[in-house]
Amino acid sequence: MEQVTVVGAGLAGCEATWQLVKRNIPVRLIEMRPKKESPAFHTDRFAELVCSNSLRSNAMNNAVGILKEELRQMDSLIMKSADMHAVPAGSALAVDRETFSQYITDTIKNHPLVEVVNEEMTVLPEGPCIIATGPLTSDSLAKAIHDFTSEDTFHFYDAAAPIIEKDSIDFSKAYYKSRYDKGEASYINCPMNADEFEVFYDALIHAECVNLHDFEKETYFEGCMPIEEMARRGKKTMLFGPLKPVGLEKDKDSHPVAVVQLRQDNVAASMYNIVGFQTHLTWPEQRRVFSLIPGLENLKITRYGVMHRNSYLSSPIVLKETYQSKKRDDLFFAGQLTGVEGYVESCASGLIAGINMSLYMQGKEPICFGNTCVMGSQAYYITHCDPKHFQPMNANFGIMHLNEKCKKHERKEKFAAQALSRIQEIQEQVNG
Ligand code: FAD
């Protein structure tokens with residue numbers, strides 16, 4: 001069987017590769033790191049998580065929780081590794097980022113049907129190909145895509161939160177607790193009284209940012225807004241977001257006005273990330289401002305928050321719902337580059353692109369998963385949205401279609417049942 005070229009060994013590229021080799025289709029996987037560095041990445045591992053170590057909710061009353069279950073049913077490599085390398089995070093699925101990526105790297109690199117090529121792809125390859133080069137697609141390839149599609153790609157700005165050493169936290173002020181004491185008390189909480197919040201707020205909105213003047217037309221993706229930008233939108237905005245104190249009081253006598261939460265980042269529980277603190281403050285400013293948080297006065301940052309421009313295609317114009325290019329049936333795109341947003345979502349689009357490429361290679365019709373399951377609803381959304389208002393989108397019930405009418409309180413349960421039954425149908429169709 002002819003080799004398929006997959007460009008980019010990120011979450012989407014690795015999942016697509018896995019779905020292909022599982023179906024006996026050989027893959028040439030092209031990855032530019034570590035030969036050419038990419039700004040948000042820190043290692044040469046495949047499927048590196050560039051920011052948070054959380055894959056978000058694992059619950060079946062949440063669209064991204066259902067999406068994970070859909071992926072598990074379809075034998076996703078990314079989900080397998082996530083489940084194997086989970087760390088405590090309440091109802092969310094968070095992972096040890098190093099072992100998570102290492103397992104995926106080893107599985108892909110050691111597979112007999114995979115040839116790994118370590119180079120930057122600067123043109124669109126001839127022959128069957130999946131482009132999964134992510135939001136930080138290198139400039140030369142981005143230009144080649146632009147020339148091919150004759151459409152502008154879009155951009156937004158995205159930021160990563162800092163990670164700190166647990167040993168540097170002052171536990172005379174910080175404490176473990178989960179919101180409303182639900183599930184395991186796996187988060188570390190740093191409470192602030194009104195005066196402490198005032199000081200922190202003031203420092204945050206006046207802190208120096210990296211290259212602020214370069215961002216002439218700043219547009220932030222609402223789901224991953226830098227903390228300082230959120231603060232600038234109003235003093236109370238953070239209190240309804242990452243600093244929400246309700247349900248996190250240490251005891252019945254304490255009434256913090258704000259609580260900063262830290263989430264475990266590795267299995268050894270020696271590193272914690274500051275939840276929702278994506279930022280583009282300069283590094284010295286991150287040390288100064290975040291040390292104003294009670295309990296973090298002596299914080300040691302092991303990885304600083306960063307901010308990057310993210311690119312995505314004009315998918316409603318250039319892509320089919322199968323993730324195929326409208327201009328070339330043997331060319332697929334997958335991952336965040338297509339306008340799906342998030343780790344799990346990127347992985348899901350890689351899974352669909354991989355399965356559809358395998359069908360294409362067997363001379364069969366690729367499948368539209370449709371908007372009755374979560375992963376299909378993303379593909380539907382990115383290809384049916386009004387191009388003028390197209391923005392990256394996380395998995396959510398708003399872009400899904402529910403086949404039967406039901407009471408409001410039954411909707412989430414119905415969405416879950418419908419999604420899994422659609423996945424079952426697709427599996428029978430693909431494997432049958
Ligand atoms: P990537 O994981 O970026 O993988 C693309 C791969 O392609 C990389 O390995 C890259 O080196 C390679 N590549 C690029 N160009 C070339 C080329 N020309 N030739 C060969 N190889 C190439 N999502 C979340 O759910 N939670 C978060 O906390 C989060 N934080 C983010 C923070 C930042 C700074 C950014 C940029 C994104 C963040 N995202 C987050 C969004 C998104 O989920 C991730 O970007 C995700 O990694 C996308 O997966 P992907 O497979 O599409 O691309």
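This is a predicted model: local features need pLDDT of at least 70, side-chain atom pairs count only at pLDDT 80 or more; totals for chains, interfaces and linings use all residues.
**View 1. R72 counts as partly exposed because its relative accessibility is 26%.** Residues are numbered from 1 along each chain as its sequence is written, and side-chain values use heavy atoms, with hydrogens and water left out. The side chain of R72 meets that of E69 in a salt bridge, with N and O 3.0 Å apart. A salt bridge here is a side-chain nitrogen of Lys or Arg within 4 Å of a carboxyl oxygen of Asp or Glu. Side chains of opposite charge can pair when their charged atoms come close. E69 is also partly exposed, since its relative accessibility is 22%. Both residues belong to helix α2 (residues 63–73), where three residues, about one turn of the helix, separate them. Helices (H or I, at least four residues) and strands (E, at least two) are DSSP runs, numbered from the N terminus.

**View 2. Helix α2 is mostly covered.** Eight of the 11 residues of α2 are buried. They are A63, V64, G65, I66, L67, K68, E70 and L71. These buried residues pack against β3 (54–57), α3 (77–84), β5 (92–95), α10, α11 (374–384) and α12 (411–431). Contact means heavy atoms within 4.5 Å. Just after the helix, D75 takes a positive phi of about 60°.

**View 3. E229 forms salt bridges with R232 and with R233.** The closest N and O atoms of R232 and E229 are 3.5 Å apart. For R233 and E229, the N to O distance is 3.5 Å. R232 and E229 both lie in helix α7 (residues 227–232), three residues apart, about one turn of the helix. E229 is buried because its relative accessible area is 15%. R232 is partly exposed at 35% relative accessibility. R233 is partly exposed too, with a relative accessible area of 43%. Elsewhere, salt bridges that share partners join E31, R33 and E48 into one network. The structure holds 19 salt bridges.

**View 4. The ligand is surrounded by 33 residues.** A residue counts as near when one of its heavy atoms lies within 4 Å of the molecule. The closest are E31, S138, Q336, G342 and Y343. The shell divides into 14 nonpolar, 12 polar and seven charged residues. Nonpolar covers Ala, Val, Leu, Ile, Met, Phe, Trp, Tyr, Cys and Pro; charged covers Asp, Glu, Lys and Arg; the others, Gly among them, are polar. Three elements, α1 (11–21), β8 (154–159) and α10 (343–361), each supply at least two residues of the shell.

View 5. Taken alone, the ligand exposes 970 Å², and the protein buries 97% of that. The areas come from the Shrake-Rupley method with a 1.4 Å probe; for residues, only the protein chains shown count as cover.

**View 6. S168 sits in the loop between β9 (163–165) and β10 (175–176).** S168 counts as buried because its relative accessibility is 9%. Its side chain reaches the backbone nitrogen of K300 at 3.0 Å. S168 touches G295, N298, L299 and K300, leaving aside residues up to four places away in sequence.

**View 7. S315 lies in helix α9 (residues 315–318).** S315 is buried, since its relative accessibility is 0%. Beyond residues up to four places away in sequence, S315 touches T338, I382, T383 and F390. R97 is 218 residues from S315 along the chain, and their C-alpha atoms are separated by 30 Å.

Notes: Buried means under 20% relative accessible area, exposed over 50%, partly exposed in between (1.4 Å probe, protein chains only). A polar contact is a pair of N or O atoms within 3.5 Å; within protein, one must be able to donate a hydrogen and the other to accept it, and residues adjacent in sequence count only if both atoms are side-chain atoms.
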